[in-house]
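Colleague: Before I use this model, I want to know what stands behind the labels put on it. Please set each value against its criterion.

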Amino acid sequence: MSIWWSLHLRREAASVPLARRLFLGTMETAGVDPDISYDLSVALTEACANAVEHGGDTAHGTSSEAYRVTAYLDGEKCRIEVADSGPGFARTQSARPAPSEAENGRGLCLIQELADHVHIGNKPGVGGAVVSFDKILKWRKDAPLMAV
């Protein structure tokens with residue numbers, strides 16, 4: 001069985017815990033192992049926080065007030081995508097570890113540690129960043145939506 005949902009969220013700090021709670025509720029209802037759900041929810045939180053903080057000013061001088069979160073549970077894998085309309089990533093930008101005393105700059109590295117596969121890039125044509133990541137799922141024994 002596969003399910004997916006997509007949210008169009010305002011670039012406000014309050015949208016981040018909302019996305020996380022909706023995601024965790026979906027995973028719990030589907031019967032996904034809580035440890036897997038937690039790892040993915042932390043990664044989702046980091047991606048959403050980046051979209052809120054960096055995803056507004058576009059290259060054309062306008063500002064976007066929203067970003068999109070899409071989650072797919074398909075078979076044994078969950079994929080999450082967070083897309084904004086900001087300036088995107090510089091070609092030379094990579095997910096490098098931030099200094100341990102830094103208050104910012106750890107999000108992309110944390111996502112890479114928590115997920116099985118990560119893609120960090122720019123939306124083609126119109127601009128904006130896209131962070132997508134996936135993880136192989138483990139299911140509770142009583143999972144109602146367990147992949148067969």
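Predicted model: local features only at pLDDT ≥ 70, side-chain atom pairs only at ≥ 80, totals over all residues.

Colleague: What makes β4 and β5 a pair?

Modeller: Pairing requires at least two bridges found by DSSP. β4 and β5 have six, in the antiparallel sense, so they count as paired. N122 stands opposite A129 in β5.

Colleague: How do you know that β3 pairs with β5?

Modeller: Seven bridges join β3 to β5, and the two run antiparallel. With at least two needed, the pair therefore qualifies. One of the facing positions is I80, whose bridge partner in β5 is F133.

Colleague: And what makes β2 and β3 a pair?

Modeller: β2, residues 66–74, and β3, residues 77–83, are joined antiparallel over seven bridges, against a requirement of at least two. V69 stands opposite V82 in β3.

Colleague: Why are β1 and β4 called edge strands?

Modeller: The five strands form an open sheet in the order β1-β2-β3-β5-β4, with antiparallel pairing. β1 (2–10) and β4 (117–122) each pair on one side only, and are the edge strands. From one strand to the next, the twist averages 10 degrees.

Colleague: Which helices pack on the sheet, and which strands do they touch?

Modeller: α1, residues 15–30, touches β1, β2 and β3, and its direction makes about 170 degrees with that of β1. α2, residues 34–54, touches β2, β3 and β5 (129–136), at about 180 degrees to the direction of β5. Touching here means heavy atoms within 4.5 Å.

Colleague: What makes β5 mostly covered?

Modeller: Seven of the eight residues of β5 are buried, each therefore under 20% relative accessible area.

Colleague: How do you know that the span of α1 is close to the expected one?

Modeller: α1 has 16 residues, and at 1.5 Å a residue a span of 22 Å is expected. From first C-alpha to last, α1 reaches 23 Å, which is close to that. Just after α1, G31 takes a positive phi of about 95 degrees.

Colleague: Which residues of α1 are buried, and why are they said to lie on the same side?

Modeller: The buried ones are S15, V16, A19, F23, M27 and A30. They cover an arc of only 110 degrees around the axis, which is why they fall on the same side of α1. R21, E28 and T29 are exposed on the other side. The cover over the buried residues of α1 includes β1, α2, β2 and β3.

Colleague: Why is C78 called buried?

Modeller: C78 has 0% relative accessibility and therefore counts as buried, the limit being under 20%.

Colleague: Why does C109 get that label too?

Modeller: C109 is at 15% relative accessibility. That value is under 20%, so C109 counts as buried.

Colleague: How many disulfides does the model have?

Modeller: A disulfide needs two cysteine sulfur atoms within 2.5 Å. By this rule the count is zero.

Colleague: What is the picture for the chain as a whole?

Modeller: There are three helices and five strands, running β-α-α-β-β-α-β-β from the N terminus. Of the 148 residues, 41% are buried. Among contacts with a separation of 6 or more, 66% are between residues 24 or more positions apart.

How values were computed: Residues numbered from 1 in each chain as written. Heavy atoms only, no water. Helix = DSSP H or I, 4+ residues; strand = E, 2+ residues; numbered from the N terminus. Axes fitted to C-alpha atoms, helices over the stretch in contact; angles between N-to-C directions. Buried < 20%, exposed > 50% of the residue type's maximum accessible area, 1.4 Å probe, protein only. Expected span 1.5 Å × (residues − 1). Arc of directions from axis to C-beta.
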